[in-house]
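Here is a friendly walk through one protein model. Have a look at the picture first, then read on for a tour of its contacts, its surface and its core.

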Amino acid sequence: MAQAASRKKIEPRAISFKGTVQTLEAFQPAMATQGQQGLHRSHIYDQLLEAIVTHRVGDRPDRFESRQRKRRQKKYDRMMKPRNEVKREILKRLG
């Protein structure tokens, strides 16, 4: 991402990380088959950098908070023992 951004004289933060990962996955077969030949490898690399730069992060001027992860509260406890032990304990309580 940094190399692609420096070639186009833009900030690396302006390029989408997810878009970069998807582009790398798309180019992987081409790099695997043509990667052995020097001329083709540099051409594929140039195309890869051009493709990476096309995935830009959207302009979000009102966004200033950092990313946070919300965890949904579940109404059930977590199973902390193997299932067969839990079943045995339930059967003991019932019997």
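Met-79 counts as partly exposed, at 44% relative accessibility. For this label, buried means under 20% relative accessible area, exposed means over 50%, and partly exposed is in between (1.4 Å probe, protein chains only). Met-79 is found in the loop between helix 3 and helix 4. Helices here are DSSP runs (H or I, at least four residues), as strands are (E, at least two), and they are numbered from the N terminus. How far apart are the C-alpha atoms of Met-79 and Met-1? They are separated by 42 Å, and the two residues are 78 residues apart along the chain.

A quick word on the ground rules. This is a predicted model, where local features need pLDDT of at least 70 and side-chain atom pairs count only at pLDDT 80 or more, while totals for chains, interfaces and linings use all residues. Residues are numbered from 1 along each chain as its sequence is written, and side-chain values use heavy atoms, with hydrogens and water left out.

## Salt bridges

How many salt bridges turn up in a search of the whole structure? The search finds three, a salt bridge being a side-chain nitrogen of Lys or Arg within 4 Å of a carboxyl oxygen of Asp or Glu. Take Asp-46 and Arg-7: their side chains meet in a salt bridge, at 2.9 Å from N to O. Asp-46 lies in helix 3 (residues 38-53) and Arg-7 in helix 1 (residues 2-8), so this pair ties together parts that are 39 residues apart in sequence. Asp-46 is partly exposed at 33% relative accessibility, and Arg-7 is partly exposed too, with a relative accessible area of 46%.

Next up is Glu-50, which forms a salt bridge with Lys-8, where the closest N and O atoms are 3.5 Å apart. This pair also links distant parts of the chain, with Glu-50 in helix 3 and Lys-8 in helix 1, 42 residues apart. Glu-50 counts as partly exposed at 43%, and Lys-8 is partly exposed at 39%. Then there are Lys-81 and Glu-89, whose side chains meet in a salt bridge at 2.6 Å, N to O. Lys-81 is partly exposed, with 39% relative accessibility, and Glu-89 is partly exposed at 32%.

## Patches on the surface

Which residues form a positive surface patch? They are Arg-69, Arg-71, Arg-72, Lys-74 and Arg-78. Patches are made of residues with over 30% relative accessible area and no salt bridge, with like charges joined within 9 Å and nonpolar side chains (Val, Leu, Ile, Met, Phe, Trp, Tyr) within 5 Å. Lys and Arg count as positive and Asp and Glu as negative, while His and the chain ends are not counted. The place of a charge is taken as NZ of Lys, CZ of Arg, CG of Asp or CD of Glu. Arg-69 sits in the loop between helix 3 and helix 4 (83-94), and is exposed, with a relative accessible area of 82%.

There is a nonpolar surface patch as well, of about 330 Å², made by Ile-90, Leu-91 and Leu-94. Accessible areas come from the Shrake-Rupley method with a 1.4 Å probe, and for residues only the protein chains shown count as cover. Leu-94 has its place in helix 4 and counts as exposed at 68% relative accessibility.

## The nonpolar core

Now for the inside. The largest nonpolar core has ten residues in all, including Ala-4, Ile-15, Phe-27, Ile-44 and Leu-48. Such a core is a set of buried Ala, Val, Leu, Ile, Met, Phe, Trp, Tyr and Cys residues joined through side-chain atoms within 4.5 Å. Helix 1 and helix 3 are the elements that give two or more residues to this core, and the largest share, six residues, comes from helix 3. In soluble globular proteins, nonpolar side chains tend to be buried together.

## Two lysines to look up

Lys-9 lies in the loop between helix 1 and helix 2 (17-34). Its phi is near 60 degrees, a positive value in a residue other than glycine. Lys-9 is exposed, with a relative accessible area of 74%.

Lys-18 lies in helix 2 and is exposed at 54%. The C-alpha atoms of Lys-18 and His-55 are separated by 8.7 Å, with the two residues 37 residues apart along the chain.
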